[in-house]
Every structure is written in C-alpha cells, then in structure tokens.
Amino acid sequence: EHLLLLITHACLIPFLSGPRGSAMVFKRFVEIGRVALINTGPCEGKLCVIIDVIDQRKGLVTGPASGVVRQPVNFAHLNLLDIKIKIPRSARDVTVKKAWEKAEVSKKWEETSYAKRLAKRLTRASLTDFDRFKLMVLKKQKSKLIRGHVKKLKKTAA
C-alpha cells in the first residue's frame, strides 16, 4: 500500500512541476477582481472589473467608475490587465467603486504602456488632413537635422 502511494506521488511530481521546472506562461487569469478592457461593442475602450464567472466563456462585469453597467460579457471581448482589486464575489457597484478608488485603478491604467499606446492611436485617428501634413513636414525637418549631425560625426571620425 505504501509502495503504491509512493509510485502515485512519483508519477504526479512531473505533472505538478512542469517540464524541467519551467515557469507558468500566463500571468493574467480570469478571476474575480481582475480589471479588463472591453475591446468590442458599445462599451469598447472602457475599463471594467470581473465580479463573477458565469461559465467558461462568460463573466459578469461592472465598471461603475468608467460607465460600464453590470452585464454579462464574453471573455473573448475582454483584454485582461495586470491590475487586480480585492472584492468579494458578486459585489455591489458601491463596493466595487470603493475598491476601485482605493486601489487607484484609473491612475495605474493611465501609467501603463498599453493605455499610452491606445491614447496615441486615438490621437492619430482624430488628426485632420492638414494636421497629418504638418506632422509630415515636422518629420522631414527632424530627419534633415539628424542627417546633418550624423554627417558631421562621420567627418570628425574619419
């Protein structure tokens, strides 16, 4: 009986530790309190918090600070973020809002490179034709200055 127990535990060890002690690949899991960005639908671009898991594909989310009403959302329509807040399962909006403000989620979100990249994308999408022309002219001036400095450096190095 002890031998069988030892063999069973010996067989489980490789499955528990992973191949050659490798680390876990995923760091963001679908869990209660995980902050996510909605990537499709009428709430696209808004932050929300997973407050309950309905099944393997859907979860209940809310975002009282960002204007997302409590609703079921497919996990495929969410981008999970590194930010997580401590809330109980199926928490009310008031509780979520307090935890959101305590954890300073909006501030943390604005500091992420993902938020900065999205803001940059929105700014570029809202440019007019004349703004794009001015941007092109500035880029040409910048590259001309860089070319001049590189040329000087090459002359002094030679």
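A residue is called exposed here when its relative accessible area is over 50% and buried when that value is under 20%, with partly exposed in between. In this predicted model, phenylalanine 26 has a relative accessible area of 61% and is therefore exposed, since the cut-off is over 50%. Phenylalanine 26 sits in the loop between helix H1 (2-17) and strand S1 (34-38), and together with Met24, Val25 and Phe29 it forms a nonpolar surface patch whose accessible area is about 500 Å² in total.

Turning to charged side chains, the model contains 5 salt bridges, among them the pairs tabulated below.

| Salt bridge | Closest N to O distance |
|---|---|
| Arginine 70 and aspartate 93 | 3.7 Å |
| Lysine 134 and aspartate 131 | 3.6 Å |

The bridge between arginine 70 and aspartate 93 links distant parts of the chain, as arginine 70 belongs to strand S4 (residues 68-74) and aspartate 93 to helix H2 (residues 93-103), 23 residues apart. Arginine 70 is partly exposed at 34% relative accessible area, and aspartate 93 is likewise partly exposed, at 32%.

Lysine 134 and aspartate 131, by contrast, both lie in helix H5 (residues 129-157), where they are 3 residues apart, about one turn of the helix. Lysine 134 is partly exposed with a relative accessible area of 39%, and aspartate 131 is partly exposed with 26%.

Technical notes
Residues numbered from 1 in each chain as written. Predicted model: local features only at pLDDT ≥ 70, side-chain atom pairs only at ≥ 80, totals over all residues. Heavy atoms only, no water. Patch = residues over 30% accessible without salt bridge, like charges linked within 9 Å, V, L, I, M, F, W, Y side chains within 5 Å. Areas by Shrake-Rupley, 256 points an atom, 1.4 Å probe, with all protein chains shown as cover. Salt bridge = Lys/Arg side-chain N within 4 Å of Asp/Glu carboxyl O. Helix = DSSP H or I, 4+ residues; strand = E, 2+ residues; numbered from the N terminus. Buried < 20%, exposed > 50% of the residue type's maximum accessible area, 1.4 Å probe, protein only.
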